[in-house]
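Please look at the sequence and the structure before reading on.

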Amino acid sequence: MMEYENIAIKNGQFNLAVFFKQNILILIGFLALAIPTIITLSKGIWQNDDQAHGPIILAIVIWLFWQLKSQIAAIDAKSNPIIGFALVIIALLFYILGRSQEILIFEIGAFIPLVCGLLLISKGWRAISIAWFAIIFMLFLIPLPGSIVDALTGALKGQVSHIAEVLLYAAGYPVARSGVLITVGQYQLLVADACSGMHSMFSLLAVGSLYVYITNHSSKIRNTLLILAIIPIAFAANIIRVMTLILVTYHFGDAAGQGFIHDFAGMALFAIALIGMFALDMMLGLFLKDKKNEQ
């Protein structure tokens, strides 16, 4: 069992310099794996619109662990080295396989068992229980293959197109649809994955889950309802985005629909989803009071 004097916490304050000194070899080894992967992502998929949220997710993961540093460091060392080293070895094998074969899902995914293993070696299961959300949130760093995304969201993409068409037709617009090809006036729009924001569904899930984690309401029912509402809210935000793009194209031309407005609609998607989360949370707060605020 690995034990050492816990001096990273003194007088209730986290001492970063001491922490680095105690864990310098682990940090160097971790960075030796992480930096090449980050450089690869920066020059690769993070350049794509679908994965542009990657750096933000990474920053949030770092922030989440930073927020927990004092709690984790304050744990009296009670490590679990057998399972911890096993996870580290498994993580390294996946990392090597992913790195050598350019399989990002393995290369990036390897950091999850790696972090779990390092926490178990240094602080045991208590550290895992403290950092559970940050560890799960790391899943959003893993770019899913297009085939998996299509399988998960293909039906939703069709429904987004269908509902957008029905609503605009009911509003009097000359709109028709064949699959995900929408005709409005003289223009035709192909509601591709990027246009419908289906790839952004996963980043919206990340934002929604982070919101629920940060608000941390005392009511489990309220938290559960917020979590269950993430996908419907993201779905509704995608419908609004597609309708906006159709209307812009119809009134201002194809160039406007594919230009700045197209990119702006992507950013507005997140704003709409967040507003939806806030509104639902406020409404739930009328019936499910937060005990923390009542004290």
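This is a predicted model: local features need pLDDT of at least 70, side-chain atom pairs count only at pLDDT 80 or more; totals for chains, interfaces and linings use all residues.

Q: How many residues does helix 3 have, and what does it reach from its first C-alpha to its last?

A: Helices are DSSP runs (H or I, at least four residues), numbered from the N terminus. The expected span is 1.5 Å times one less than the number of residues. Helix 3 covers residues 54-73, which is 20 residues, and reaches 28 Å, close to the 28 Å expected.

Q: Where does helix 3 bend?

A: The bend at a residue is the angle between axes fitted to the seven residues ending there and the seven starting there. In helix 3 the bend is about 40° at Gln67. Helix 2 (residues 24-43) bends by about 25° at Leu31.

Q: Which residues of helix 3 are buried?

A: An α-helix has 3.6 residues a turn, so residues three or four places apart point the same way. Buried means under 20% relative accessible area, exposed over 50%, and partly exposed in between (1.4 Å probe, protein chains only). The buried residues of helix 3 are Gly54, Ile57, Ile60, Val61, Leu64, Leu68, Ile72 and Ala73. In helix 2 they are Leu33, Ala34, Thr37 and Leu41, and these pack against helix 4, helix 5 and helix 6.

Q: How many aromatic pairs are there?

A: A pair of aromatic rings is described by the distance of the centres and the angle of the planes. Rings of Phe, Tyr and Trp (its six-membered ring) pair if their centres lie within 6.5 Å; planes under 30 degrees apart count as stacked, over 60 as edge-to-face and the rest as tilted. The count comes to ten aromatic pairs. Trp132 and Phe133 have ring centres 5.7 Å apart and planes at 80°, so this pair is edge-to-face.

Q: Is the pair of Phe133 and Tyr213 stacked or edge-to-face, and why?

A: Their centres are 4.1 Å apart and their planes lie at 5°, so the pair is stacked. Phe133 lies in helix 8 and Tyr213 in helix 11, so the pair ties together parts that are 80 residues apart in sequence. Phe133 is buried at 7%, whereas Tyr213 is partly exposed at 26%. Trp132, Phe133, Phe137, Phe140 and Tyr213 form one aromatic cluster.

Q: Which residues does Asp281 touch?

A: Contact means heavy atoms within 4.5 Å. Asp281 is in helix 14 (residues 260-287) and counts as buried, at 6% relative accessibility. Leaving out residues up to four places away in sequence, Asp281 touches Tyr211, Thr215, His217, Arg222 and Leu226.

Q: What is phi of Glu102, and where does Glu102 lie?

A: Most residues other than glycine have a negative phi. Phi of Glu102 is near 55°, a positive value, and Glu102 lies in the loop between helix 4 and helix 5. Glu102 is exposed, with a relative accessible area of 72%. Asn216 also has a positive phi, of about 45°; Asn216 is in the loop between helix 11 and helix 12 and is partly exposed, at 46%.

Definitions and conventions. Residues are numbered from 1 along each chain as its sequence is written. Side-chain values use heavy atoms; hydrogens and water are left out. Helices (H or I, at least four residues) and strands (E, at least two) are DSSP runs, numbered from the N terminus.
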